[in-house]
Amino acid sequence: MTFSILAYDPITESYGGASATGNICVGGWVLRGNPLSGVSASQGSEPSTLWGEDILKYTGDGLDAEAAIYKTIRKDKGKERRQLSVIDKRGNSSVFSGNQNSSIIDEIVSKNLVLSGNILSNKDVLNSMREKYLENQDKDFLWRLFRALQEGNKAGGDKRGIFSASILIVSRNSPPISLRVDYSSNPMKKLEELINKTNTKEYTNWLNTLPVVSDPYRIQ
């Protein structure tokens with residue numbers, strides 16, 4: 001139902017994710033992040049929001065991505081209808097893709113980067129997203145994630161089309177960014193509009209006054 005990219009940006013020490021789907025409310029269902037433990041995407045034919053939250057508890061306790069996925073899914077009898085990806089707090093990534101998800105199912109795993117998808121229109125979707133993300137290393141992290149998601153959609157994305165899209169970024173050094181388009185005939189356009197609003201000088205200046213994990217008592 002969904003295609004997603006998760007990434008860790010060592011320059012800003014930020015974890016981020018972007019996802020889109022042919023269903024509603026992808027941001028509420030799929031992406032979870034914690035600046036102290038990593039970022040996850042829980043999706044699939046019958047997704048579990050519990051998976052996305054539980055796995056970050058395990059990575060926060062020190063488990064690496066692969067071990068955290070194993071501990072999260074091992075007792076779930078419905079796991080073959082679900083898909084879970086994660087980047088842990090050391091930048092290691094891993095994916096579980098249940099074989100009863102609707103095809104096409106795909107995944108790409110590398111250091112600081114992981115992509116996953118199901119009900120994809122073709123096998124080029126995730127690779128196109130990865131290439132776009134990597135070729136935009138000079139861009140702001142938020143824009144890199146958006147461009148990757150945009151490219152995945154252009155490459156075919158969800159074979160049913162998309163109706164919702166989202167981006168989540170968490171960091172020790174800045175407030176969280178959680179942008180969600182829960183339902184639209186053109187969610188990528190709406191998501192881009194949100195990004196442009198987020199990047200205005202007024203909004204950025206306001207964000208820079210707020211408490212963050214590395215400075216919980218920050219004042220203007």
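Axes, in what follows, are lines fitted to C-alpha atoms, for helices over the stretch in contact, and the angles between N-to-C directions run from 0 to 180 degrees. Helices (H or I, at least four residues) and strands (E, at least two) are DSSP runs, numbered from the N terminus.

Before I use these terms, a word on the model: it is predicted, with local features needing pLDDT of at least 70 and side-chain atom pairs counting only at pLDDT 80 or more, whereas totals for chains, interfaces and linings use all residues. Residues are numbered from 1 along each chain as its sequence is written, and side-chain values use heavy atoms, with hydrogens and water left out.

Let me start with the helix pairs. Two packed helices are described by the angle between their axes and the distance between the axes. For α4 and α5, the axes come within 8 Å and cross at roughly 150°, which makes α4 roughly antiparallel to α5; by definition, angles over 145 degrees count as roughly antiparallel, under 35 as roughly parallel, 65 to 115 as roughly perpendicular, and the rest as oblique. The contact (heavy atoms within 4.5 Å) is made on the α4 side by Val125, Ser128, Met129, Lys132 and Tyr133, and on the α5 side by residues including Phe141, Arg144 and Leu145. These contact residues of α4 and α5 divide into 7 nonpolar, 2 polar and 4 charged, where Ala, Val, Leu, Ile, Met, Phe, Trp, Tyr, Cys and Pro count as nonpolar, Asp, Glu, Lys and Arg as charged, and the others, Gly among them, as polar.

Staying with α5, we can look at its pairing with helix α6, residues 187-198, where the axes come within 11 Å and cross at roughly 170°, and therefore α5 is roughly antiparallel to α6. Among the residues making this contact are Leu142, Trp143 and Phe146 of α5, together with Met188, Leu191 and Ile195 of α6, and the contact divides into 7 nonpolar, 4 polar and 2 charged residues.

How are α2 and α3 oriented to each other? Helix α2 (residues 49-60) and helix α3 (residues 65-73) pack at about 130°, with their axes 9 Å apart, and they are therefore oblique to each other. Trp51, Ile55 and Tyr58 of α2 are among the contact residues, as are Ala68, Ile69 and Ile73 of α3, and the residues of this contact divide into 6 nonpolar, 2 polar and 2 charged.

A polar atom of the Gln137 side chain lies 3.1 Å from the backbone oxygen of Tyr133. Gln137 and Asp9 are 128 residues apart in sequence, yet their C-alpha atoms are 9.7 Å apart in space.

Is Ser85 buried or exposed? Ser85 sits in strand β5, residues 82-87, and at 1% relative accessibility it counts as buried. Leaving out residues up to four places away in sequence, Ser85 touches Leu6, Val39, Ser40 and Ala41, among others.

Finally, Gly78 is in the loop between α3 and β5, and with a relative accessible area of 6% Gly78 is buried. Gly78 and Leu36 are 42 residues apart along the chain, and their C-alpha atoms are separated by 29 Å.

Terms used:
A polar contact is a pair of N or O atoms within 3.5 Å; within protein, one must be able to donate a hydrogen and the other to accept it, and residues adjacent in sequence count only if both atoms are side-chain atoms. Buried means under 20% relative accessible area, exposed over 50%, partly exposed in between (1.4 Å probe, protein chains only).
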